[in-house]
Amino acid sequence: MARLDVQIGGLTLRNPVTTASGTFGYGTEYLDFVDLGRLGGVFVKGTTLEPRQGNDYPRMAETASGMLNAVGLQNPGVDYFVEHLYPVIKEYDTHMMVNVSGSTIEGYVACAERLADLDKMPAIELNISCPNVKEGGMAFGTSVKSAAEVTRAVRKVFPKTMIVKLSPNVTNIAEIAKAVEGEGADAVSLVNTFLGMAVDAERRQPLLSTVTGGLSGPCIKPIALRMVWEVFHAVNIPIIGIGGICNWQDAIEFILVGATAVQVGTYNFIDPTATVKIVEGINDYLDRHGFKSVSDLVGLIRK
Amino acid sequence: MQVTDFIIRSNEALNDRNRLIKVTPADHRHLPPMQPGQFVQVLVDRSPGTFLRRPISINFVDREKNELWLLVQEVGDGTREICSRQPGEVVNLIYPLGNSFTLPEGKSDHFLLVGGGVGTAPLLFLGKELHARGFQVDFLLGGRSATDILQRADFEQYGTLYCTTEDGSLGEKGFVIHHSLWQEKRYDFIYTCGSRPMMVAVARLARERGVPCEASLENLMACGFGACLCCVEKTTRGNLNTCTEGPVFNTDMLSWLD
């Protein structure tokens, strides 16, 4: 049996399979389906300093091989998380990590500071790429300057592993990745959702209350792979690959182009047991091809 | 909640758009406890244009035959694919999902169950459970035409059936909210499932009469088990998931009549 453990900054994951924020709740929603002890880690729902009700319904539109969402970071706020959710999820047998979102740098910093105090919070994922909030969110992740600023500010208050989640809605994702690496990010995760739109031809109306939303699912996988590949050749920090992963083949593909770990997102909705199947599939693949460790696969694809 | 393969036992056309599909667990295990109002998420894996599962309410649970009944209306590619499945084929379900209609404790209560179109589906299971508890049940079902009023013989086993049709081909002509029983009878509890305009109108009648009312919502959803936060409904307690806090809500909690 090959080694599955991987290193993300100072953090060791027991295997490279984690879950994408916003698709796995707080892990609790999946306890009937998944032994969380089989996962490398869980990235819980995007959390902000203040509670958020999110956007109006309808917030979702199905697309060919994917879906658009416009949830808009609905969450009970970091204080509620610390008081009511953390005491429950800290008992889960995997790394539970929070996706930190915000609309101002001060908001990101205050939220990260609250989480830094928690013993069993080994890492945060800094979400500078949510396309569904009016202010902040993706705006931070679409310019080198603002991505660097927010990363620098949060780095000062969060000494543990800091992963920065990148937006694909940019002309050069490698530049943004280099900028956050330069400000002390321990890793980058990519990609968040693509800004998209869906229209009801009969009613001549948009299908989402917000008109535009974030596209996810297998339809984005080829673009996500290309972006992981580009970032892999631009930075020296580990990459967590995200984008339409449904099975172990998808996960292996992301690892081969440069991801050290992966996040499974939208497909959890279709098969809530997908993550565990992917762990098993990666293990079988390594044995079948005679690899000693999953780390040996990272970035094996060459030009 | 569990993810389970089922075998299709039968697939019967009830009219040109609706099919009754009876399924049983492929591993022959007994069906778990289920409540009226709950639903399943059906995997649609043979339609290239369909990505998400389709939420379908539990129409009936036949404990003797260990069968779950799903009443499926062909709306688009996803439901068409489900309806095309033949006896003996496998269908994968996540179930049971959601909360349930309130089953009161009293004995003398008189219940009205109002449904429209395929929204009548969960009312059969609900009617059976109310009837089994000794309650008096009236069903009021509406459709465009007689062929839209599904499973009439099944409903009649558990209560008195009243109908309205828009063309007058069965029962009283018009919509469910215009039926004469609203003038003639008094109820202790009203349950409704169907199109949103119909449920809003029923909720209004219930409020005018001071009768508690529960409605089963059919908001668009992705996961069905509380993870995606896509199916939210505005309530007096803020945005709530239709899949986990619902699909059944007391209509006083909703913003419909404000």
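This is a predicted model: local features need pLDDT of at least 70, side-chain atom pairs count only at pLDDT 80 or more; totals for chains, interfaces and linings use all residues.
Tutor: Residues are numbered from 1 along each chain as its sequence is written, chains are lettered from A and ligands numbered from 1 in the order in which they are written, and side-chain values use heavy atoms, with hydrogens and water left out.

Student: Which residues touch the most other members of the largest nonpolar core?
Tutor: A nonpolar core is a set of buried Ala, Val, Leu, Ile, Met, Phe, Trp, Tyr and Cys residues joined through side-chain atoms within 4.5 Å. Buried means under 20% relative accessible area, exposed over 50%, and partly exposed in between, with a 1.4 Å probe and protein chains only. Among the 111 residues of the largest core, the ones to name are A:Phe81, A:Leu115, A:Val154, A:Leu166 and A:Leu190.

Student: What is A:Val154 in contact with, leaving aside its neighbours within four places in sequence?
Tutor: Contact means heavy atoms within 4.5 Å. With those neighbours set aside, the list for A:Val154 reads A:Tyr108, A:Val109, A:Ala112, A:Ile124, A:Leu126 and A:Met162.

Student: How many residues apart in sequence are the parts that A:Arg14 and A:Asp93 tie together?
Tutor: A salt bridge is a side-chain nitrogen of Lys or Arg within 4 Å of a carboxyl oxygen of Asp or Glu, and A:Arg14 forms one with A:Asp93, with the closest N and O atoms 3.1 Å apart. Helices (H or I, at least four residues) and strands (E, at least two) are DSSP runs, numbered from the N terminus. A:Arg14 sits in the loop between strand 2 (11-13) and strand 3 (17-19) of chain A, and A:Asp93 in the loop between helix 1 (78-89) and strand 7 (95-100) of chain A, so the pair ties together parts whose separation in sequence is 79 residues.

Student: Is A:Arg152 buried or partly exposed?
Tutor: A:Arg152 has a salt bridge to A:Glu183, at 3.0 Å between the closest N and O atoms. The relative accessible area of A:Arg152 is 36%, which makes this residue partly exposed.

Student: Which residue meets A:Asp186 in a salt bridge?
Tutor: A:Asp186 lies in the loop between helix 4 and strand 10 of chain A, and its partner is 31 residues apart, in helix 3 of chain A. The N to O distance is 2.9 Å, and the partner is A:Arg155.

Student: What is the volume of the largest cavity?
Tutor: On a 1 Å grid over the protein atoms alone, a cavity is a set of points where a 1.4 Å probe fits but cannot get out; a pocket is an open set with protein on both sides within 12 Å along at least five of seven lines, and lining residues have an atom within 4 Å of a point. Grid points are joined across faces, edges and corners, and a volume is the space filled by probe spheres set on the points. The search finds two cavities of 30 Å³ or more, and the largest has about 480 Å³.

Student: Which residues that line the largest pocket are closest to its centre?
Tutor: That pocket holds about 1,400 Å³ of space. It is lined by 39 residues, and the closest to its centre are B:Pro55, B:Val75, B:Glu218, B:Asn219 and B:Leu220.
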